[in-house]
Amino acid sequence: MDVLEAIRKRRSVRRYTEDSIPKVDLETIVDAGRLAPTGSNRQPWDFVIVTDRDMITQFKISGTWITSAGAVIVVVMDPQSRWWVEDGAAAIENMLLACTAQGYGACWVEGDALSHEEQFKTLLEVPADKRVMALIPIGVAAETPTPEKKPLEQVLHWEKY
Ligand SMILES: Cc1cc2nc3c(=O)[nH]c(=O)nc-3n(C[C@H](O)[C@H](O)[C@H](O)COP(=O)(O)O)c2cc1C
């Protein structure tokens, strides 16, 4: 699947089958994250792949549907890096597209104001000076969402606003 096709196909998927996800596929997804553009090439990120069912269950406070995911990638950022939010967002989008390209559904859960961040940091033993920016639950899709998108002509401006 080429990148444009993945962009067009990607949707936030919140229902998954019980199929597990091979480790190699999860590594490919994180690899796409680490290759994202990053201010001054600082790469202020770490990625925690969670596959343990009991651990995944703990994420239900961010959405009960997350418990059906085959894996959750937790995006950990260094907030001392100037562009950590932008860098994290770029890495997350790369990973979402990598999920789509490999035939998985996924969803971006929360942003730099992640609720329950402290609980997740404790659970995952994330150092105090790092931020948990987002969760990415992943699985084989059991739904095909079609959220409405603004048409191109509504958002595209040529030359001036
Ligand atoms: C910063 C950010 C935070 C989001 N947080 C959540 C969330 O907490 N729970 C959720 O179900 N979806 C979350 N989403 C997914 C959005 O709801 C979704 O992208 C939007 O409805 C558009 O649908 P699409 O992704 O299928 O195009 C988030 C997306 C972004 C970019």
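I began with the ligand: one of its nitrogen atoms sits 2.9 Å from a polar backbone atom of Trp108. A ligand nitrogen is also 2.8 Å from a polar backbone atom of Glu110. On the oxygen side, I found a polar side-chain atom of Lys149 at 2.5 Å from a ligand oxygen. I counted N or O atoms within 3.5 Å as a polar contact.

Notes on the model: it is predicted, so I took local features at pLDDT of at least 70 and side-chain atom pairs at pLDDT 80 or more, while totals for chains, interfaces and linings use all residues. Numbering runs from 1 along each chain as its sequence is written, and side-chain values use heavy atoms, without hydrogens or water.

Next I listed the surroundings (a heavy atom within 4 Å). Among them are Arg10, Arg11, Ser12, Arg14, Trp65 and Pro147. By class, I noted five nonpolar, one polar and five charged residues in this shell.

Then I turned to the aromatic rings. I took ring centres within 6.5 Å as a pair, with planes under 30 degrees apart as stacked, over 60 as edge-to-face and the rest as tilted. The count is three aromatic pairs. Tyr16 and Trp65 make a tilted one, 6.5 Å between centres and 40° between planes. Tyr16 lies in the loop between α1 (3–9) and α2 (23–34), and Trp65 in the loop between α3 (53–58) and β2 (71–77), 49 residues apart.

I checked burial last (buried under 20% relative accessible area, exposed over 50%, partly exposed in between; 1.4 Å probe, protein chains only). Tyr16 is buried at 8%. Trp65 is partly exposed at 23%. Trp45 and Phe47 are both buried.

How values were computed:
A polar contact is a pair of N or O atoms within 3.5 Å; within protein, one must be able to donate a hydrogen and the other to accept it, and residues adjacent in sequence count only if both atoms are side-chain atoms. Ala, Val, Leu, Ile, Met, Phe, Trp, Tyr, Cys and Pro count as nonpolar, Asp, Glu, Lys and Arg as charged, and the others, Gly among them, as polar. Rings of Phe, Tyr and Trp (its six-membered ring) pair if their centres lie within 6.5 Å; planes under 30 degrees apart count as stacked, over 60 as edge-to-face and the rest as tilted. Helices (H or I, at least four residues) and strands (E, at least two) are DSSP runs, numbered from the N terminus.
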